[in-house]
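Have it open beside you as you read, and take the points in order.

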Amino acid sequence: MSWLRSIFGNKSPQTAETTKAAQRDYKGFTLAAAPIKEGGQYRLAGVITKEIDGVMREHRFVRADVFSSIDEAEEFALRKAELIVDQSGDKIFD
């Protein structure tokens, strides 16, 4: 299948490097921004984790929103993660 890559190129999105400020605790959950670099923009994405009964659970999300700066993508990813926690709580791990 490597010949397909040579024709279409290997354009897999890459998770951008995030700053320490792109992570915070919120209502017992740990929220982390994980924007995905796509060309010259960053797609909104993040990870929500929480330890439940001794097991670390993780929920990843990706949204259609794109931003020109990584700082803006991280800020909105954390806001979206807070909204997800507020709306769903522990149910996001079901």
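Predicted model: local features only at pLDDT ≥ 70, side-chain atom pairs only at ≥ 80, totals over all residues.

1. Threonine 49 is found in strand β5. Its relative accessible area is 16%, and buried means under 20%, so threonine 49 is buried. Leaving out residues up to four places away in sequence, threonine 49 touches Phe29, Thr30, Met56, Arg57, Glu58 and Phe93.

2. Now for isoleucine 48. Which residues does isoleucine 48 contact, leaving aside its neighbours within four places in sequence? The list is Phe29, Thr30, Leu31, Arg57, Glu58, His59, Phe61, Ala81, Ile84, Val85, Ile92 and Phe93. Ile48 is also among the residues with the most contacts inside the largest nonpolar core.

3. That brings us to the core itself. The largest nonpolar core has 18 residues, and Phe29, Leu31, Ile48, Phe61, Val85 and Ile92 have the most contacts inside it. At least two residues of this core come from each of β3 (29-33), β5 (41-52), β6 (55-67) and α2 (70-88). The element that gives the most is α2, with six residues. As general background, nonpolar side chains tend to be buried together in soluble globular proteins.

4. Helix α2 deserves a look of its own. It has 19 residues and reaches 26 Å from its first C-alpha to its last, close to the 27 Å expected at 1.5 Å a residue. Its buried residues are Ala73, Glu74, Ala77, Leu78, Ala81, Ile84 and Val85. Seen down the axis of α2, these buried residues fall within an arc of 135°, so they line one face of the helix. Among what covers the buried residues of α2 are β2, β3, β5 and β6. Turn to the other side of α2 and you will find Asp71 and Gln87 exposed. After α2 comes glycine 89, whose phi is positive, near 60°.

5. Arginine 24 is partly exposed, at a relative accessible area of 35%.

6. A second salt bridge joins aspartate 86 and lysine 27, with 2.8 Å between the closest N and O atoms. Aspartate 86 lies in helix α2 and lysine 27 in the loop between β2 and β3, so the pair ties together parts that are 59 residues apart in sequence. Aspartate 86 is partly exposed, with 41% relative accessibility, whereas lysine 27 is exposed, with a relative accessible area of 58%.

7. The salt bridge between arginine 79 and glutamate 75 has its closest N and O atoms 2.5 Å apart. Both residues lie in helix α2, four residues apart, about one turn of the helix. In general, an α-helix has 3.6 residues a turn, so residues three or four places apart point the same way. Arginine 79 is partly exposed, with a relative accessible area of 45%, and glutamate 75 is partly exposed too, at 38%.

8. Finally, the rings. How many aromatic pairs are there? The count comes to two. The rings of phenylalanine 29 and phenylalanine 93 have their centres 6.2 Å apart and their planes at 20°, so this pair is stacked. Phenylalanine 29 lies in strand β3 and phenylalanine 93 in the segment after α2, so the pair ties together parts that are 64 residues apart in sequence. Phenylalanine 29 is buried, with a relative accessible area of 4%, and phenylalanine 93 counts as buried at 7%.

9. The other pair is phenylalanine 67 and phenylalanine 76: their ring centres are 5.1 Å apart and their planes lie at 15°, so this pair is stacked. Phenylalanine 67 is buried, with a relative accessible area of 11%, while phenylalanine 76 counts as partly exposed at 30%.

Methods: Residues numbered from 1 in each chain as written. Heavy atoms only, no water. Core = buried A, V, L, I, M, F, W, Y, C linked by side-chain atoms within 4.5 Å. Buried < 20%, exposed > 50% of the residue type's maximum accessible area, 1.4 Å probe, protein only. Contact = heavy atoms within 4.5 Å. Salt bridge = Lys/Arg side-chain N within 4 Å of Asp/Glu carboxyl O. Expected span 1.5 Å × (residues − 1). Arc of directions from axis to C-beta. Phe/Tyr/Trp six-rings, centres within 6.5 Å; stacked < 30°, edge-to-face > 60°.
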